[in-house]
Amino acid sequence: KPVSLYPFIVRDIAVFVPTDVTTKKLWTAIEKGIGQEKNLLANHYLFDEYQKADKKSFAFRLIFQAPDRTLTDAEINKIMKQVAAAVSGNGWQVR
């Protein structure tokens with residue numbers, strides 16, 4: 001995959017989930033929220049995980065970059081709203 005000459009945009013999302021939810025299951029919901037814009041996701045990784053009482057928190061860093069143009073905050077904010085809706089649709093709490 002060629003390296004883009006255009007800048008990237010970083011967004012983090014942290015979610016409280018029940019203790020039986022895996023990172024894979026959460027990532028599936030995040031991908032569903034990204035939807036057709038998946039080609040703009042240059043990289044992602046889990047950077048924080050902890051458990052508090054009866055729930056766990058997972059935090060992912062999402063790095064967006066287009067190969068042919070500079071992305072705008074408005075574009076990425078729209079994607080992140082979709083991600084938050086997809087995650088919340090499972091009854092999980094975006095923090």
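Which residues does S57 touch, not counting residues up to four places away in sequence? In this predicted model, S57 touches V15, F16, D48, E49, Y50 and R95. The surroundings of this residue are described below, after the overall fold.

The secondary structure of the protein consists of two helices and four strands. Read from the N terminus, the order of elements is β-α-β-β-α-β. The C-alpha atoms occupy a box of roughly 45 × 20 × 20 Å along the principal axes. The radius of gyration is 14 Å. A compact globule of 95 residues would have a value near 12 Å, so the protein agrees with that expectation.

Among contacts with a separation of 6 or more, 71% join residues 24 or more positions apart. Buried residues make up 37% of the 95 residues. The accessible surface amounts to about 6,000 Å². Carbon and sulfur atoms contribute 52% of that surface. Charged side chains number 14 positive and 10 negative. The centres of these two sets are 3 Å apart.

Strand β3 spans residues 55-64 and contains S57. The relative accessible area of S57 is 0%, under the 20% limit, and the residue therefore counts as buried. The side chain of S57 forms a polar contact with the side chain of R95, at 2.9 Å. R95 is also one of the residues that S57 touches. Others in that set include V15 and F16, as well as D48, E49 and Y50. A further pairing concerns P18, which lies 39 residues from S57 along the chain. The C-alpha atoms of S57 and P18 are 8.7 Å apart.

I63 also belongs to strand β3. Is I63 buried or exposed? I63 has a relative accessible area of 16%; because the limit for burial is 20%, I63 is buried. Leaving aside neighbours within four places in sequence, the contacts of I63 include F8, I9 and V10. L40, L41, A42, N43 and Y45 are also in contact with I63. The C-alpha atoms of I63 and N43 are 5.1 Å apart, although the two residues are separated by 20 positions in sequence.

Where is A53 found? A53 sits in the loop between β2, residues 41-52, and β3. The phi angle of A53 is near 55°, a positive value in a residue other than glycine. The relative accessibility of A53 is 73%. This value is over 50%, so A53 counts as exposed. S57 and I63, by contrast, are both buried.

Notes. Residues numbered from 1 in each chain as written. Predicted model: local features only at pLDDT ≥ 70, side-chain atom pairs only at ≥ 80, totals over all residues. Heavy atoms only, no water. Buried < 20%, exposed > 50% of the residue type's maximum accessible area, 1.4 Å probe, protein only. Polar contact = N/O pair within 3.5 Å; in protein donor to acceptor, adjacent residues only side chain to side chain. Contact = heavy atoms within 4.5 Å. Rg over C-alpha atoms; globule rule 2.2 N^0.38 Å. Areas by Shrake-Rupley, 256 points an atom, 1.4 Å probe, with all protein chains shown as cover. Lys, Arg positive; Asp, Glu negative; His and termini not counted. Charge placed at Lys NZ, Arg CZ, Asp CG, Glu CD.
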